[in-house]
Amino acid sequence: MTVVLEAKGLNKSFGAVTAAADINVAVERDSVVGLIGSNGAGKTTFINMVTGYLKPSSGSIVFGERDITPLAPRQITRLGICRSFQIPQLFNTLSVYENLLVGVGIVASGGKKWADASRLAGTPVEAVGSILERFNLTAYRDKPAGVLPEGVRKLLDIAMAMAVKPKILLLDEPTSGVSADEKFGLMDMVMQAVRAQQVTVLFVEHDMDIVNRYTHRVLAFYEGRIIADGEPGVVLDDPEVRKFVTGDARAGGGGKHAAH
Amino acid sequence: MRRDYTLRILGVVLVALLAAGPLLPRWAMFLITVSLCYGTVVLGMMLLMRTGVVSFGHGLYYCLGAYAAGTLDVLFGVSDIAVMLLAAILVTAVVSALLGLLLRKYRDIFFAMLSLAFSMILYGLLVKTSALGSSDGFNVAAKTLFGIRIAGTEFERYLIFAITVLTAFLAAVCIHKYLASHMGRLAGAIRDNELRVEYMGASVRNTIHVNYIMSAVLAGLGGALAAVSVGHIDPEMSYWTTSGEFVFVAILAGTGNVLAPFLGSFIFETIRSFAYEYSPNTWQMALGTTMLLVIMFLPGGLWSLFTRMRKAA
Amino acid sequence: MDWNFLRVLKAIAAVLAGTALTILCASAHAEDKPIRIGLVTFLSGPAAGPFGVPAKMAAEAIVDSLNAGKAPAPFNTKGFGGTPLELTIVDEAGGATKQVTELRNLVERQNVDFVIGYISSGDCLAVAPVAEELKTLTILFDCGTPRVFEEASYKYVFRTRSHATMDAVAGALYLLENRPAVKSFAGINQNYAWGQDSWADFTAVMAALKPEAAITTSQMPKFGAGQYGPEISALLQTNSDVIHSSLWGGDLEAFMLQATPRALFGRSQLVLVAGEPYLHRLAGNMPDGTIVGARGPNGVYAQKSALNDWLRQIYKERAEIYPNYPAYSVAMAFLGLKAAYEKARGAGTGAPATDDVIKAFEYLNFDSPAGKVMMKLGKGHQAVTGTAYGTTRTVNGQVTVGNVKYYPLERVQPPEGQKSLDWIKSGMKPGKW
Amino acid sequence: MNQLVAVLIDGLIYSSWLFIIAVGLTLIYGVMKILNIAHGSLYALGAYSAAALAGYWINQGHPPIGSYAAMLVAAILVGLIAGPVIERGLLRFMYGKDEIVLVLVTYAVFLILEDFIKLAWGVDPYFLYQPYSLLGSFDVGDLTYPVYNLVLFGVAVLIGVSLAWVLTKTRRGKMLVAVIHDREMAAAMGINVSLVYFMTFTVGAMLGAVGGALTAPMISVQPGIGAETIVLAFAVVVIGGLGSLPGAALAAVLVGLVRSAAVHYRPELDLFAIYFVMAVVLIMRPKGLFSVQEARKI
């Protein structure tokens with residue numbers, strides 16, 4: 001198995017709060033990694049550092065051969081690392097179709113800036129069409145994103161990340177704010193899409209059943225450091241994890257509090 | 001999705017205007033000419049607004065375009081309309097490219113006020129330049145078109161009218177096509193959510209910069225056309241009230257379609273012209289009230305009347 | 001779904017048709033008996049109070065009186081040669097572009113026969129070519145810039161008041177006659193064409209007449225600045241013998257009442273090129289001994305004559321005060337046009353052709369409430385008159401002028417073919433008239 | 001006398017005036033996020049009504065000293081009438097709209113009021129000069145200044161200090177600050193946001209009118225003074241950092257000194273002074289001198 005993404009000794013602190021302390025992770029291609037931990041444990045900070053929204057105080061992030069630590073989000077995206085957001089970031093006045101077309105269009109007109117623009121199969125319109133079907137959003141095609149129900153917004157948010165053809169996809173609490181009975185449907189859909197395009201996935205999740213069911217590997221965060229890393233079964237049984245993470249997570253539920 | 005008839009309507013309007021021109025009373029022809037010059041500037045303003053930024057200093061380019069066209073004659077004795085328009089495009093493109101480097105970092109009221117500062121500095125410079133007539137400005141006469149003499153001929157007015165119509169038409173078509181392109185579509189995306197645009201791999205600042213240059217060039221074109229058709233230019237064109245009027249008309253018209261700015265400026269100019277005549281002491285009141293009514297009941301601007309009609313259909 | 005597309009087209013057509021309709025209704029009243037005169041003057045903005053509205057009231061008074069045939073000879077025929085006059089008044093506010101549009105509307109929508117108007121020099125420059133294109137006899141009645149006829153020549157455009165050069169020239173002459181020992185002078189003028197030109201002319205004249213007098217400072221506050229604290233301090237510190245100012249309107253009043261308590265005029269002799277319209281308003285804030293001009297022998301400087309008495313009377317009836325110089329300017333325009341019109345019509349009846357009126361107008365001499373007006377410059381299109389200056393003195397609460405000196409036109413005006421500044425620099429030799 | 005001293009005094013006097021005309025604007029923006037162009041008309045309304053009332057008072061032969069009271073009363077009346085009418089009658093329907101749209105709304109109000117003023121008072125300038133010279137004058141070196149200038153300075157300081165005190169020390173002021181920083185939170189805390197808005201706008205309007213009233217005796221009150229003033233006030237508020245009281249104060253001083261220096265050393269640059277300062281400051285500090293940091297989005 002080859003490593004696609006590697007974080008080396010990441011540290012980040014906001015004033016007194018330590019959001020990341022000596023994070024070392026190597027992610028293998030096509031793996032599905034779950035990030036768990038109570039709120040403020042540093043999961044989103046990790047994603048924000050990988051995607052260039054935050055610069056680590058020290059340490060580096062390597063994607064393939066390339067050190068992407070100093071790059072801006074859009075450059076990192078062009079290299080093939082995309083993300084979705086805990087609170088969906090959509091173009092509210094544009095229709096679902098247009099929301100996706102923006103992404104596809106950026107790839108289509110991006111030219112050499114993109115790691116591999118040729119991956120765009122068919123015309124942008126066709127591309128959007130297939131995404132709409134894959135995430136069965138076709139029914140909402142012409143609705144402005146602003147009026148969609150939360151579940152659909154989440155889905156669109158992820159679909160938009162997929163629209164720019166990632167090699168690595170980071171999902172920040174994909175199922176938060178999604179009703180319990182929709183969660184699995186949503187995750188199934190995402191995972192199909194992901195497998196079809198051989199995308200490596202890291203996702204932050206509070207629902208341990210989801211974690212159990214979809215991940216090959218789990219990283220448990222606590223106070224900015226990784227306290228456990230391994231097979232889901234193993235990690236979730238780890239006493240420390242039980243003490244500091246899952247117990248807390250069950251109590252914490254959906255984890256709708258502001259991410260850190 | 002409803003089909004888009006904008007280009008067809010533009011075509012029809014173009015033919016209609018060109019055909020109707022000679023039949024119109026000359027003052028009406030002039031009114032239309034002026035509204036089209038205005039409309040071209042407002043079109044640029046619309047592009048900016050679609051991108052989520054508003055400039056309170058677009059008079060800067062309106063004025064620059066006019067002076068670029070006007071000073072050609074003063075400095076080099078060139079007074080060919082084609083060359084004048086070209087000069088306006090070049091000058092405004094260069095200046096906006098430079099100022100854009102700075103403004104692309106700004107948003108909201110700060111973008112508006114910084115551009116206002118720039119336009120007022122130009123105003124000050126021109127008022128201090130007595131060689132160009134200071135605040136009185138000077139008269140501009142376009143003598144030839146592609147080398148053919150038009151000044152003094154009886155169809156001079158119609159030619160200027162036709163040129164304006166044609167330029168406005170081309171501008172509208174280009175912007176319409178642009179807005180439908182991938183690059184153009186980013187405008188709305190940026191207005192809605194800059195963060196997401198960056199996370200989809202596009203540069204917000206570059207896009208804003210490009211759109212800013214385009215809107216500046218449109219304003220410059222409008223200014224040059226105004227200089228040619230009005231025949232006089234002065235620093236007032238760069239004063240903040242002029243810029244305010246462009247924003248005013250843009251909001252009044254709505255940013256939904258490239259036709260809106262032209263329709264908006266035509267209605268604005270007509271209202272103003274007749275209000276001046278029939279209620280010289282309350283015409284500002286009339287404008288203000290119209291504005292409030294539009295903002296309250298037609299948030300999409302006057303254009304949303306048409307979209308509503310189409311929905312009804 | 002093409003009917004849908006047609007619908008949008010129809011809607012646009014409706015808008016266009018609607019406006020077209022209003023347009024037609026507006027331009028309906030074409031066949032009118034009386035002579036229609038378009039009057040363009042400031043009804044709003046800073047220039048309305050001191051200039052625009054006095055001019056408007058004078059024009060209305062004059063038209064009424066002329067239509068009633070009450071004006072003294074030789075202007076005692078009703079209206080113009082028996083045909084009554086009708087005024088259409090337009091606001092000059094809104095800038096040159098606006099005025100070009102409005103002039104077209106006046107001529108082509110309102111069908112006026114003649115246009116009398118324009119106080120702002122910028123507007124004058126802008127409308128002149130348009131008047132030419134519209135082939136409509138247009139009289140610029142109050143703007144001062146010499147550029148109008150020095151940079152171009154027009155067939156349809158006339159100006160019945162002298163251009164501004166004489167204001168500076170006569171001002172300097174008067175100053176030096178009364179204070180020969182001037183060693184230094186400063187200026188405070190608005191930072192726009194009028195202020196800049198007045199200062200340029202005045203400094204040029206001083207350089208020619210009194211080269212040893214030093215310029216201490218030239219303050220150029222923004223038009224409408226309102227706050228003059230720093231400027232006044234700067235002027236105070238120069239201790240100049242003389243302060244030249246072409247301020248007008250609210251700016252002049254603000255400057256006067258901010259400078260008076262600061263004893264500026266105790267140190268320096270003030271010369272107000274255009275101070276006349278404010279004499280009655282500035283009682284208590286106009287120091288005695290201020291040199292004041294009226295841009296011609298107008299207002300307080302107008303000498304007793306039947307015509308002057310007539311204007312003062314009809315104006316006072318309407319405005320309750322005596323006319324200031326814009327009122328005199330507008331009177332010159334009406335009387336000049338009347339003279340030309342009647343000369344052109346001669347013994348014949350019916351309206352004379354515009355071309356005949358123009359021929360009659362060129363090089364015409366006529367009397368006005370401010371004395372003789374001669375259309376001698378700009379190929380007979382630009383009037384020349386003498387001018388006058390005086391010194392203020394307060395008589396029981398009222399500001400009046402004394403020590404009035406009149407200057408014949410050859411001393412204060414460049415002859416035909418010479419640009420003002422060149423003439424001034426070349427020592428202001430009286431030309432052949 | 002040392003010219004530098006003159007530059008400082010003139011600059012500070014001008015700054016005081018700038019601050020007085022700008023403080024209401026920044027207060028309203030700070031709390032309501034509305035850049036209120038109609039502030040210019042409120043200034044004009046204040047000036048006109050002060051000139052009218054105080055003028056009437058003096059013409060009636062009352063002791064001229066009372067004209068100051070008359071001016072103040074006029075200004076307060078304008079604030080108490082115009083403020084509520086505009087806020088209750090119009091603005092409250094607009095809350096939540098885009099900032100630029102709100103600017104346009106107040107621009108429309110501005111246009112309407114401009115004509116209203118013309119209809120109410122005509123185009124002839126009003127002229128209330130007595131209060132300016134009434135208090136006599138004092139000398140600094142060889143320069144004479146009217147005491148009225150000190151009054152301006154005093155009022156500016158008074159307004160600044162009392163506003164600062166209200167905002168930071170009193171309960172109601174803390175409420176304002178709370179609303180400034182987070183409306184939802186404020187509402188959640190049980191603060192009556194609409195009442196706060198109503199009061200803020202009324203006070204802001206009153207400050208605008210007071211600015212006009214205090215200026216009336218130094219100028220000739222005529223059409224268009226509102227438009228001339230509002231741009232200056234805008235510049236000051238933007239330079240200072242929108243909604244920041246200390247920012248507005250600092251900006252006023254900065255602009256005042258720069259203009260005064262320009263007038264004394266380079267008169268021809270006076271025209272640019274303020275816009276030059278605005279451009280430079282915004283280039284150095286994109287959100288003005290005192291800007292409020294935004295919270296992280298994700």
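Helices and strands are here DSSP runs, numbered from the N terminus, a helix having at least four residues and a strand at least two. In this predicted model, that numbering places D:Met94 in the loop between helix H3 (66-89) and helix H4 (99-121) of chain D. D:Met94 counts as partly exposed because it has 17 C-beta neighbours inside 10 Å, whereas a buried residue would need 20 or more. Setting aside residues up to four places away in sequence, D:Met94 touches D:Leu102 and D:Val105.

The contact takes 34 residues from chain C and 35 residues from chain D. On the side of chain C that touches chain D, at least two residues each come from H2, strand S7 (214-219), helix H8 (229-238) and helix H9 (249-259) of chain C, and H8(C) gives the most, with seven residues. By class, that side of chain C divides into 13 nonpolar, 16 polar and five charged residues.

Within chain C itself, the domain assignment gives domain 1 (35-163 + 302-384) and domain 2 (165-294 + 386-425). Taken over C-alpha atoms, the centres of domain 1 and domain 2 of chain C are separated by 28 Å, and the contact between them takes 17 residues from domain 1 and 18 residues from domain 2. Helix H2 (48-67), helix H4 (121-134) and strand S12 (371-377) of chain C each supply at least two residues of the side of domain 1 that touches domain 2, a side made up of eight nonpolar, seven polar and two charged residues.

Chain B, finally, can be described as a whole. Chain B contains 13 helices and four strands, and it is as compact as a globular protein of its length, because its radius of gyration of 19 Å is close to the 20 Å that the globule rule gives for 313 residues. Along the principal axes, the C-alpha atoms of chain B fill a box of roughly 55 × 45 × 40 Å. Buried residues make up 60% of the 313 residues in chain B, and of the contacts in chain B with a separation of 6 or more, 80% join residues 24 or more positions apart.

Key
Residues are numbered from 1 along each chain as its sequence is written. Chains are lettered from A and ligands numbered from 1 in the order in which they are written. This is a predicted model: local features need pLDDT of at least 70, side-chain atom pairs count only at pLDDT 80 or more; totals for chains, interfaces and linings use all residues. Domain bounds come from an automatic or database domain assignment. Two residues are in contact if their C-beta atoms, placed from the backbone, lie within 7 Å. Ala, Val, Leu, Ile, Met, Phe, Trp, Tyr, Cys and Pro count as nonpolar, Asp, Glu, Lys and Arg as charged, and the others, Gly among them, as polar. A residue is buried if 20 or more other C-beta atoms lie within 10 Å of its own, exposed if 12 or fewer, and partly exposed in between; C-beta atoms are placed from the backbone. The radius of gyration is taken over C-alpha atoms; the globule rule is 2.2 Å times the number of residues to the power 0.38.
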